[in-house]
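This briefing walks through the structure shown below, moving from the chain as a whole to its two ligand sites and then to individual residues. Please keep the structure in view while reading.

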Amino acid sequence: MRNIKEWGFCLNIWKIRKCTIPLKSSAARTGFKGKLHLSSSEAVQQSLLPPQNMEKSDDRREVVLLATGSFNPITVMHLRLFELARDYLHETGKYKVIKGIISPVGDGYKKKGLIEASHRLAMANLATKNSNWIEVDSWECSQKEWMETVLVLRHHQQKLANANTSDSSEKVVHKKGHKRKRENSYQDKTDRCLQESKVMPQVKLLCGADMLESLGKPNLWKNEDVIEILSSFGIVCITRLGSNASNFIYESDILWKYKHMIHLVEEWITNDISSTKIRRALRRGMSIRYLVPDSVVEYIENHELYNERSEERNSGIILEPLARNSKNS
Ligand SMILES: Nc1ncnc2c1ncn2[C@@H]1O[C@H](COP(=O)(O)OP(=O)(O)OP(=O)(O)O)[C@@H](O)[C@H]1O
Ligand SMILES: NC(=O)c1ccc[n+]([C@@H]2O[C@H](COP(=O)(O)O)[C@@H](O)[C@H]2O)c1
Ligand SMILES: [Zn+2]
């Protein structure tokens, strides 16, 4: 049995910690905040744990990693980018990666050899089937026209914001129904504190060093887009053979200014897998096994994708961002 002094002590600790409830449930241990709902009795029980059992609040910023690209086809290296980025961000102690999103570019990008988005999407879905945190999103490639990457980042940031507000309003509706009975209940305080301490997850662009270097190509990216990507979102960039990301950051005035928004991640286990090389191997009838997931190999075989004809798709057509930006400049 606890005496009255112990009760007071625990409640004071609760106040000092700015309402961060020291939850012992598995949701709390994993840092999950989204749809957490404690019963009043559970909340009371948790608050009565002895001080030595109180866990430190998790104040790491939640991050969603968004990788855009052709994924023509997806390779194991695309999946590795996510693992490398997550390990790196977690090691800083400042971030908690809650989700990875693969967003294949739409057909309107008009890159040479780009096969239909429906196939690229299907292969990405197969490749991520075994991941419990990387998902594929079809929003970008289901748009009629190619869209700037900054718009894709904005879309996903907005989606998170909407999810956040609908979470809170669900709770308000739930609370309204019981307003009189529970207005000052322990549960209400718990809910409010959890909501207040919640900071919106941050979407960050995940890319390889070659994509970072592409930011400097004339007419490919608009300056204002690059500035918004860096200042509002940030980039996690994985080193890639043939690219020198740190030198590129040094040589670019914009990237240098925002270098604090760029996380450069070294891939020590280097390999040179690229979709171009996968397509080349397929055209030559060579094996691509272990370079892409087995399910993707099977999909490519079943649908007879990637041959000389498919490599000629969009041949002679200007890449959409180049066409768009040179028209406007
Ligand atoms: N081996 C790799 N190392 C680092 N980044 C990579 C690697 N392969 C792909 N990426 C990154 O993945 C993202 C999507 O790339 P993309 O779909 O163009 O693949 P790719 O292998 O570069 O294909 P392609 O050869 O057709 O250009 C880009 O940010 C790209 O830099
Ligand atoms: N201005 C821009 O927003 C811009 C320009 C060029 C490429 N991109 C994007 O970068 C990615 C590049 O993919 P690839 O490396 O497969 O060509 C694509 O998702 C494409 O949409 C964006
Ligand atoms: Zn590429």
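Two strands are said to pair when DSSP finds at least two bridges between them. In this predicted model, strand β1 (residues 61-69) and strand β2 run parallel and are joined by nine bridges.

**The chain overall**

- Of the 329 residues in the chain, 46% are buried, and the chain exposes about 18500 Å², of which carbon and sulfur atoms supply 51%.

**The β1 and β2 pair**

- Strand β2 covers residues 95-104, and because eight of its ten residues are buried, the strand is largely enclosed by the rest of the structure.
- Gly69, a residue of β1, has Pro104 of β2 as its bridge partner, and a polar backbone atom of Gly69 also lies 3.1 Å from an oxygen atom of ligand 2.

**The loop between β1 and α4**

- Ser70 is placed in the loop between β1 and α4, and it counts as buried because its relative accessible area of 15% falls under the 20% cut-off.
- Leaving out residues up to four places away in sequence, Ser70 touches Val105, Tyr109, Lys111, Leu114 and Arg120; Ser70, Tyr109 and Lys111 are also listed among the residues closest to ligand 2.
- Phe71 belongs to the loop between β1 and α4 and has a positive phi of about 50°, although it is not a glycine.
- With a relative accessibility of 4%, Phe71 counts as buried, and a backbone N or O atom of this residue lies 2.9 Å from an oxygen atom of ligand 1.
- The peptide bond that leads from Asn72 to Pro73 is cis, with omega near 5°, and Pro73 lies in the loop between β1 and α4.

**The site of ligand 1**

- Ligand 1 has 18 residues around it, of which Phe71, His78, Asp210, Ser275 and Thr276 come nearest.
- The residues of this shell divide into six nonpolar, eight polar and four charged.
- A nitrogen atom of ligand 1 is 3.1 Å from a polar backbone atom of Ile273, while an oxygen atom of the ligand is 3.3 Å from an N or O atom in the side chain of Arg279.
- Taken alone, ligand 1 exposes 590 Å², and the protein buries 93% of that area.
- The elements that give two or more residues to the shell around ligand 1 are the helices α4 (76-92), α9 (209-214) and α13 (275-283), together with strand β4 (202-208).

**The site of ligand 2**

- Ligand 2 is surrounded by 13 residues, and the closest of these are Ser70, Tyr109, Lys111, Trp146 and Thr149.
- The shell around ligand 2 is made up of seven nonpolar, four polar and two charged residues.
- A polar side-chain atom of Tyr109 lies 2.7 Å from an oxygen atom of ligand 2, and a nitrogen atom of the ligand is 3.0 Å from a polar backbone atom of Leu220.
- On its own, ligand 2 has 490 Å² of accessible area, and the protein covers 90% of it.

**Two further loop residues**

- Lys110 is found in the loop between β2 and α5 (117-127), where it has a positive phi of about 60° although it is not a glycine.
- Lys110 is partly exposed, with a relative accessible area of 31%, whereas Phe71, the other non-glycine residue described here with a positive phi, is buried.
- Ser243 lies in the loop between β5 (235-238) and α11 (245-251), and its side chain makes a polar contact of 3.3 Å with the side chain of Glu213.
- Setting aside neighbours within four places in sequence, Ser243 is in contact with Ala209, Asp210 and Glu213; Asp210 is also one of the residues that come nearest to ligand 1.

Conventions:
Residues are numbered from 1 along each chain as its sequence is written. Chains are lettered from A and ligands numbered from 1 in the order in which they are written. This is a predicted model: local features need pLDDT of at least 70, side-chain atom pairs count only at pLDDT 80 or more; totals for chains, interfaces and linings use all residues. Side-chain values use heavy atoms; hydrogens and water are left out. A residue is near a molecule or strand if one of its heavy atoms lies within 4 Å of it. A polar contact is a pair of N or O atoms within 3.5 Å; within protein, one must be able to donate a hydrogen and the other to accept it, and residues adjacent in sequence count only if both atoms are side-chain atoms. Accessible areas come from the Shrake-Rupley method with a 1.4 Å probe; for residues, only the protein chains shown count as cover. Helices (H or I, at least four residues) and strands (E, at least two) are DSSP runs, numbered from the N terminus. Ala, Val, Leu, Ile, Met, Phe, Trp, Tyr, Cys and Pro count as nonpolar, Asp, Glu, Lys and Arg as charged, and the others, Gly among them, as polar. Buried means under 20% relative accessible area, exposed over 50%, partly exposed in between (1.4 Å probe, protein chains only). Contact means heavy atoms within 4.5 Å.
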